[in-house]
Amino acid sequence: MSRPLIIAVDGPAAAGKGTLAKALAARLGLPYLDTGLLYRAVARRMVNAGLDPAGDASAQAQALQPEDLARTDLRVPEIDRGASLVAAQPAVRAALLDRQRVFATQSGAVVDGRDIGTVVFPDADVKFFITASPRTRAMRRHRQVHGEAALAEAELEAAVAEIGARDSRDSSRDTAPLLQAVDAVLIETDDLSAEQVLEKACEEVTRRKGRS
């Protein structure tokens with residue numbers, strides 16, 4: 001019997017990887033795991049405990065509960081930064097690694113994050129790396145948080161700078177940095193709709209499965 005299908009979707013913040021991963025999981029009838037949510041939940045536990053997310057967060061990672069992932073305050077700027085800081089800690093990543101692998105190996109999954117194709121599932125059946133320009137990603141993140149509210153140019157530039165700082169932290173950390181796996185399919189989403197990105201990904205999955 002063949003093993004369950006595992007698809008890795010990596011990329012920087014607000015590039016569209018979560019949108020693709022959720023849609024791809026629904027299309028293929030697979031479970032979906034947003035690994036970034038795990039780190040956001042750890043950061044939220046740190047903040048709520050009055051602790052600096054840059055400090056040792058391993059105890060909070062080990063104590064993570066399902067209800068922590070269901071919170072509605074995980075996608076706010078404070079936690080954006082905190083998630084990047086806790087995710088840079090080897091002990092936190094080690095504490096969450098088995099949780100990610102067990103989830104996906106039971107019945108297959110589409111898993112999104114920043115090190116899925118390089119560290120968590122280096123042997124994933126299909127790997128994608130989703131990216132877009134910092135400006136596009138800043139505008140998307142603003143819409144995620146504020147809807148269609150107007151964004152002043154100065155605010156946009158500040159958001160672009162924050163996106164750049166996040167990219168720098170994620171790609172330069174010593175443990176599991178943000179990298180495109182050598183065998184990952186690159187999709188740049190600046191000029192593509194979510195549906196177009198999904199169709200491109202589905203075509204690749206079909207092609208890979210046809211070769212197996």
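Trainee: What should I know about the model before I start?
Mentor: Because this is a predicted model, local features need pLDDT of at least 70 and side-chain atom pairs count only at pLDDT 80 or more, while totals for chains, interfaces and linings use all residues. Residues are numbered from 1 along each chain as its sequence is written, and side-chain values use heavy atoms, with hydrogens and water left out.

Trainee: How many helices and strands are there?
Mentor: The protein has 10 helices and 5 strands, taken as DSSP runs numbered from the N terminus, with at least four residues (H or I) for a helix and at least two (E) for a strand.

Trainee: And why call the protein as compact as a globular one?
Mentor: Its radius of gyration is 17 Å, close to the 17 Å that the globule rule gives for 212 residues, so the protein is as compact as a globular protein of that length. The radius is taken over C-alpha atoms, and the rule is 2.2 Å times the number of residues to the power 0.38.

Trainee: What share is buried?
Mentor: Of the 212 residues, 47% are buried, meaning under 20% relative accessible area with a 1.4 Å probe, protein chains only.

Trainee: Switching to helix H5, is it mostly covered or mostly uncovered?
Mentor: Helix H5, residues 77-87, is mostly covered, with 8 of its 11 residues buried, among them Ile79, Leu85 and Val86.

Trainee: Which helices do those buried residues pack against?
Mentor: The buried residues of H5 pack against helices H2 (35-48), H6 (90-107), H8 (134-146) and H9 (153-172), where contact means heavy atoms within 4.5 Å.

Terms used
Buried < 20%, exposed > 50% of the residue type's maximum accessible area, 1.4 Å probe, protein only.
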